[in-house]
Amino acid sequence: MDLTTNYLGLTLRNPVMPGASPLVDDLDNVRRLEDSGAAAIVMHSLFEEQITHDQLAEFAHTEHPAESFSEATSYFPRMEDYALGADRYLERIAEIKRMVGIPVIASLNGISPGGWTSHARLIEEAGADALELNVYYVASDPDEPGTAVESRTLEILLAVRQAISIPVAVKLSPFFSSPGHFAKQLDRAGASGVVIFNRFYQPDIDIEELAASHRLDLSNSTELRLRLRWAAILHGHLRSSIAVSGGVHTVEDIIKAVMCGADVVQVVSSLLKYGPSHIGTLIKGLTQWMEEHDYTSISQMRGSMSLRNCPDPSVFERANYLRVLQLWKL
Ligand SMILES: Cc1cc2nc3c(=O)[nH]c(=O)nc-3n(C[C@H](O)[C@H](O)[C@H](O)COP(=O)(O)O)c2cc1C
């Protein structure tokens, strides 16, 4: 069975990898992931706030010890709470690279154009094979037009592209008016891949305490459907690779994502639930399913249910919305 796939110009042994999460903070987990068959290691993010904090701290140390932190900094977790500081992050890339034979994809996470993007070069120098750029932005200012959000993201991508020569994937939000058009713009600006999608964590409200509550719920397979639609729409329109992230829990989820056009899937919630060896169970199940259904390779399956190839493309479009509403019976 030929499970190989190409992602960001890298040839991978199969299409299943852990997504960005603290799972790889533990080197034993990294080893287990590789032994279980993971196609690559995706590291958790190094955040703009961590980098600028380090830069600020240096500045504060030499210039203004007392008043270096704006109030806004207090909205972010304390820097000590991040698993690794900026320097440790770079060391960790090098450690993981020494340890594994599979590609290592680092992740840089931020929202504003600026000096922090030059950290991409340090990440490349530390040995990362590729970089995932996550622009996790919540457009909370109703006066800011969507075009401004798009241009800023493109500007960040261009700055990172200029700093490094390893491939860059952009982890996208589903909240663009036309995600397909924006993905094409990223493609033209030099992204080697798009990761669809960021999973936005929704705050809840405590009505007794009148407080916002922060809870991180793990995903389930129903969240995959949003990704399936957009993988199916994007397949065949991009030079960039497509990674599906969000709601991949089972063998069937992987098959669906590949059939819709994914080059790879990223798995987080189900690995946090069942542990790193779950990736081996998924790969074994994928191989078995493909054998039983007479597939010989991943490439044979990829995109077979995309918008272009699907026997009923209307399922991905407005027509299906009308049909589904009409089918509802009380
Ligand atoms: C505990 C936790 C930490 C995460 N950390 C990051 C991160 O550092 N960077 C990032 O891009 N995504 C991060 N994610 C998001 C995941 O990479 C992934 O996109 C999301 O969990 C959806 O995939 P899933 O449905 O398989 O969980 C994190 C998710 C979890 C649950």
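## A walk around strand 5

Strand 5 and strand 6 (residues 130-134) run parallel and are joined by five bridges; strands count as paired when DSSP finds at least two bridges between them. Helices (H or I, at least four residues) and strands (E, at least two) are DSSP runs, numbered from the N terminus. This is a predicted model, in which local features need pLDDT of at least 70, side-chain atom pairs count only at pLDDT 80 or more, and totals for chains, interfaces and linings use all residues. Residues are numbered from 1 along each chain as its sequence is written.

Strand 5 has another partner to meet: strand 4 (residues 41-47) pairs with strand 5 in the parallel sense, over five bridges. Here is one bridge from each pairing.

| Residue | Bridge partner | Strand of the partner |
|---|---|---|
| Phe 47 | Asn 109 | strand 5 |
| Ser 107 | Glu 132 | strand 6 |

Is strand 5 buried or exposed? Six of the six residues of strand 5 (residues 104-109) are buried, so the rest of the structure largely encloses this strand. A residue is buried if 20 or more other C-beta atoms, placed from the backbone, lie within 10 Å of its own, exposed if 12 or fewer, and partly exposed in between. Both faces are covered, with Val 104, Ala 106 and Leu 108 on one side and Ile 105, Ser 107 and Asn 109 on the other.

Now follow the chain onward. Strand 5, helix 4 (residues 119-125) and strand 6 form a right-handed β-α-β unit; right-handed means that, with the strands pointing away from the viewer, the path from the first strand over the helix to the second runs clockwise. Arg 121 lies in helix 4. Arg 121 counts as partly exposed because it has 14 C-beta neighbours inside 10 Å. Leaving aside residues up to four places away in sequence, Arg 121 touches Ala 163 and Ile 164; a contact requires C-beta atoms, placed from the backbone, within 7 Å.

What about the ligand? Of the 21 residues around the ligand, Ala 20, Ser 45, Ser 219, Val 268 and Ser 269 come nearest, where being near requires a C-beta atom, placed from the backbone, within 6 Å. Strand 4 and strand 5 are the elements that give two or more residues to this shell.

Finally, step back to the whole chain. Its secondary structure comes to twelve helices and twelve strands, and buried residues make up 40% of the 330 residues. The C-alpha trace spans about 65 × 50 × 45 Å along its principal axes.

Note on methods: Two residues are in contact if their C-beta atoms, placed from the backbone, lie within 7 Å.
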